[in-house]
Amino acid sequence: MQVRSLMIVGMLVILASPALEAQISDHASVLTLEKIWTIAAASNKQLKLASLRRQESDIRVLEARDKYLPELFVTGDLKLNSTFLLYENGLFSTPQDVPISKYGYGVGYSLNVDLYHGGRNRRAVEIKQEEQRQNQLDFDFQKNNVKYALVAAYYDLYTFLHFKDFIEAEIATEKKQLSTIENLSRNGVVLKSDVLRTSVKLSQLKLSQADLEKKIELAKQRLNLLMGRDGEERLEIPYQEPVLLDTLREFDYSDYLTIALHQSPEYKIVQSDVKLGELNLKQVKASQLPKISLFSNYNYTYPQISFYPYSNNLWGFGQTGLRTSFSLDNLYKSRHSMAHAHNLYEQEKEKSELKKDELISKVKDAYLQLKQALESVATAETSIAQSVESVRVIRNSYLNQESLLTDLLEAENVLLNARFTLIRAQATVKQSHIKLLLITGSL
């Protein structure tokens with residue numbers, strides 16, 4: 001009996017497991033905006049490309065640091081020697097044939113270490129490090145832009161899903177109302193035209209429902225693609241969760257502006273351009289400074305035909321010391337290069353000021369949009385409360401033959417539009433707030 005009971009329990013567990021997996025899968029497919037951002041950070045194609053650019057800048061820093069390493073060459077040669085003629089009394093005298101080997105060879109090394117060159121190597125590393133920082137800022141900027149694109153798609157879907165719920169609820173209400181009006185028409189209480197008007201409105205609502213379903217599918221596809229997923233992958237969002245707006249009133253315009261001037265990646269990028277312009281100008285100036293290097297070389301050569309007396313023996317010779325060079329022509333050739341670099345530096349400073357003005361304007365615009373959206377929410381909530389009461393009064397009045405159906409239908413449309421307006425305003429509030437965070441670099 002116990003064995004049979006265990007078998008039954010086991011079968012129930014096996015049968016129930018697909019349902020449990022489906023529930024888990026359904027729950028897993030419900031993605032909040034934060035989860036969507038996390039998925040996109042790992043899979044978005046645009047961010048993958050930006051990440052590769054960032055890795056490239058890391059490699060360029062290492063390449064610049066390689067310039068600090070000494071230049072080291074190992075040399076070797078094998079050669080056939082011609083007859084060695086020595087003209088002791090001039091070119092037209094009879095030469096002396098110096099006996100040397102018919103072949104020769106040599107092997108050795110050459111070492112060169114830059115000790116000073118106006119700080120060009122060090123500054124080259126600084127330039128690449130600044131470019132590395134700029135690529136990181138660009139990556140952050142691209143990441144924020146992808147986040148905001150996801151926000152726009154997310155709240156489009158959020159709005160469409162709410163609209164669909166409103167339409168479905170309105171269709172259900174209208175069907176009941178149509179049934180009531182049909183009964184009143186059969187009893188001769190209302191005109192048959194009222195039945196037709198209600199039927200037309202019901203048909204229009206069904207068309208709106210079909211249109212919203214298409215928009216929902218497109219919004220889901222866009223979200224999936226932005227996340228780097230297959231466009232047809234299943235996706236649900238918790239759109240019925242309440243939108244909390246109280247936390248959006250914490251800062252005023254001056255707070256947001258202060259944050260933007262310190263954290264905005266877009267503004268930091270132009271500031272980085274200014275620093276790069278300054279470094280490039282110093283790099284051009286460094287070309288007028290002397291170059292000092294440590295050198296060392298040593299070679300084994302056969303035969304010895306470099307110094308007198310000559311010999312068919314193997315010989316070795318090397319040198320170690322300091323070498324300095326100074327390019328006199330750069331004193332006049334670099335004038336135009338310096339003027340060019342200085343002009344570019346001044347351009348970058350002006351661009352930085354323009355970007356600052358643009359940033360101030362963007363913060364102000366986004367802040368005012370947020371305030372306007374919050375006011376729209378309050379207005380829409382008031383409008384809904386008034387419209388609900390208006391529909392209730394006019395519906396009772398119509399059933400008592402004290403008002404026309406057109407008044408009732410118009411009041412219902414006003415209520416439906418007020419609900420649409422509230423959802424759209426709530427979505428706009430969230431988008432405006434996130435846009436403000438994006439501009440300030442706080443997203």
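**Close-up 1. Tyr105 and Tyr302 form a stacked aromatic pair.** With a relative accessibility of 33%, Tyr105 counts as partly exposed; here buried means under 20% relative accessible area, exposed over 50%, and partly exposed in between (1.4 Å probe, protein chains only). Tyr302, at a relative accessible area of 15%, is buried. This is a predicted model, in which local features need pLDDT of at least 70, side-chain atom pairs count only at pLDDT 80 or more, and totals for chains, interfaces and linings use all residues. Residues are numbered from 1 along each chain as its sequence is written, and side-chain values use heavy atoms, with hydrogens and water left out. The structure holds 11 aromatic pairs, a pair being rings of Phe, Tyr or Trp (its six-membered ring) with centres within 6.5 Å; planes under 30 degrees apart count as stacked, over 60 as edge-to-face and the rest as tilted. The ring centres of Tyr105 and Tyr302 lie 5.4 Å apart and their planes meet at 25 degrees, so this pair is stacked. The pair links distant parts of the chain, 197 residues apart: Tyr105 belongs to strand β4 (residues 103–116) and Tyr302 to strand β5 (residues 291–302). Helices (H or I, at least four residues) and strands (E, at least two) are DSSP runs, numbered from the N terminus. Together with Tyr103, Tyr105 and Tyr302 form one aromatic cluster.

**Close-up 2. Tyr155 and Tyr158 form an edge-to-face pair.** Their ring centres are 5.5 Å apart and their planes stand at 70 degrees, so the pair is classed as edge-to-face. Both tyrosines lie in helix α4 (residues 120–186); because Tyr155 and Tyr158 are three residues apart, about one helical turn separates them. Both Tyr155 and Tyr158 are buried.

**Close-up 3. Glu412 and Lys201 form a salt bridge.** Side chains of opposite charge can pair when their charged atoms come close. A salt bridge is counted when a side-chain nitrogen of Lys or Arg lies within 4 Å of a carboxyl oxygen of Asp or Glu, and by this rule the count comes to 25. In the bridge between Glu412 and Lys201, the closest N and O atoms are 2.6 Å apart. Glu412 is in helix α10 (residues 405–440) and Lys201 in helix α5, so the pair ties together parts that are 211 residues apart in sequence. Both Glu412 and Lys201 are buried.

**Close-up 4. Lys362 forms salt bridges with Glu266 and Glu358.** The closest N and O atoms of Lys362 and Glu266 are 3.5 Å apart. This pair links distant parts of the chain, with Lys362 in helix α9 (residues 335–399) and Glu266 in helix α7 (residues 265–286), 96 residues apart. The side chains of Lys362 and Glu358 meet at 3.4 Å, N to O. Because Lys362 and Glu358 are four residues apart in helix α9, about one helical turn separates them. Lys362 counts as partly exposed at 30% relative accessibility, as does Glu358 at 34%. Elsewhere, salt bridges that share partners join Glu170, Glu174, Lys201, Arg395 and Glu412 into one network.
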